[in-house]
Amino acid sequence: LIADFNQLQTLPPSLLSTPLMEHFSVSNNQLVSLPPFKWGKLKNFNVAFNQLQEIPDCFSTSSFLTDINISFNRLSSLPNSMKNCRKVDVFIACGNEFKAIPRPVMCFSQLRVLSMGGNQLTSLPKGFGSFFFLRFLDLSNNNFSVFPVQISGIRGLKYLSLSHNCLTEIPPNPANADASAIPFDLRLLDLSFNKLTKIDRWETF
């Protein structure tokens, strides 16, 4: 189902009852809720730019899901069943009301792209450095005051944005006090619009 850029306010449950649905994209509508669904073949889930405050807890059988885009809604949590979506490699949740990285996200071990700009994040959870496949990380427009050192463990990270936060310092790498906490392989680092007065310990490791 692709029904982007309409004026939908509701969806009939019968529309979401197709068990072989692989693509569900209803971005840029006026949806305030979604009916329950059960999609065992779902690969792409896109509900960006709506008015959702919650997502149905219906992902227990969605083991094929790889792409999730829930950007620009009013979400502050994710359904617990989303932790079963172990193949997710793209998760985009910009412009919501998350105060922490949702627990199900920590189960996305194949994650390559994580975009959570425009939320209310202040820190990252322990274990965040275990996202070994992560290449793109957007944490812009949040409430970080200290550079999150957990990022230093993600050796393959290529793009990192922490712009428009409240950063005042970049601490040393927790594994090497003489090195920066900034990952070694970065190709683009965006620290614009913060409160930094200096950047030192730039030695890589």
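Which residue forms a salt bridge with Asp89? Arg112 does, and the closest N and O atoms of the two are 3.4 Å apart. A salt bridge here is a side-chain nitrogen of Lys or Arg within 4 Å of a carboxyl oxygen of Asp or Glu. A search of the whole structure finds one salt bridge. Asp89 lies in the loop between E3 and E4 and Arg112 in the loop between E4 and E5, so the pair ties together parts that are 23 residues apart in sequence. Helices (H or I, at least four residues) and strands (E, at least two) are DSSP runs, numbered from the N terminus.

The model is predicted: local features need pLDDT of at least 70, side-chain atom pairs count only at pLDDT 80 or more, and totals for chains, interfaces and linings use all residues. Residues are numbered from 1 along each chain as its sequence is written, and side-chain values use heavy atoms, with hydrogens and water left out.

**Accessibility**

Buried means under 20% relative accessible area, exposed over 50%, and partly exposed in between (1.4 Å probe, protein chains only). By this scale Asp89 is buried, at 18%.

**Aromatic pairs**

A pair of aromatic rings is described by the distance of the centres and the angle of the planes. Rings of Phe, Tyr and Trp (its six-membered ring) pair if their centres lie within 6.5 Å; planes under 30 degrees apart count as stacked, over 60 as edge-to-face and the rest as tilted. The whole structure holds ten aromatic pairs. Two of them are set out here.

| Pair | Class | Centre to centre | Angle between planes |
|---|---|---|---|
| Phe37 and Phe59 | edge-to-face | 5.3 Å | 85 degrees |
| Phe91 and Phe108 | tilted | 5.9 Å | 55 degrees |

Where do Phe37 and Phe59 lie? Phe37 is in the loop between strand E1 (23–25) and strand E2 (44–46). Phe59 is in the loop between E2 and strand E3 (67–69), and the two residues are 22 residues apart. Their pair links distant parts of the chain. Phe37 and Phe59 are buried. They also belong to one aromatic cluster with Phe24, Trp39 and Phe45.

Phe91 is buried, with a relative accessible area of 0%. Phe108 is buried too, at 0%.

**Backbone**

Most residues other than glycine have a negative phi. Phe72 has a positive phi of about 55 degrees although it is not a glycine. Phe72 sits in the loop between E3 and E4, and its relative accessible area of 40% makes it partly exposed. Asn141, also not a glycine, has a positive phi of about 55 degrees. Its place is the loop between strand E6 (136–138) and strand E7 (159–161). Asn141 is partly exposed, at 41% relative accessibility.

**Cysteines**

How many disulfides does the search of the whole structure find? It finds zero. A disulfide is counted as a pair of cysteine sulfur atoms within 2.5 Å. For Cys58, the nearest cysteine sulfur is that of Cys85, 11 Å away. Cys58 is buried, at 16% relative accessibility. For Cys166, the nearest cysteine sulfur is that of Cys94, 18 Å away. Cys166 is partly exposed, at 31%.
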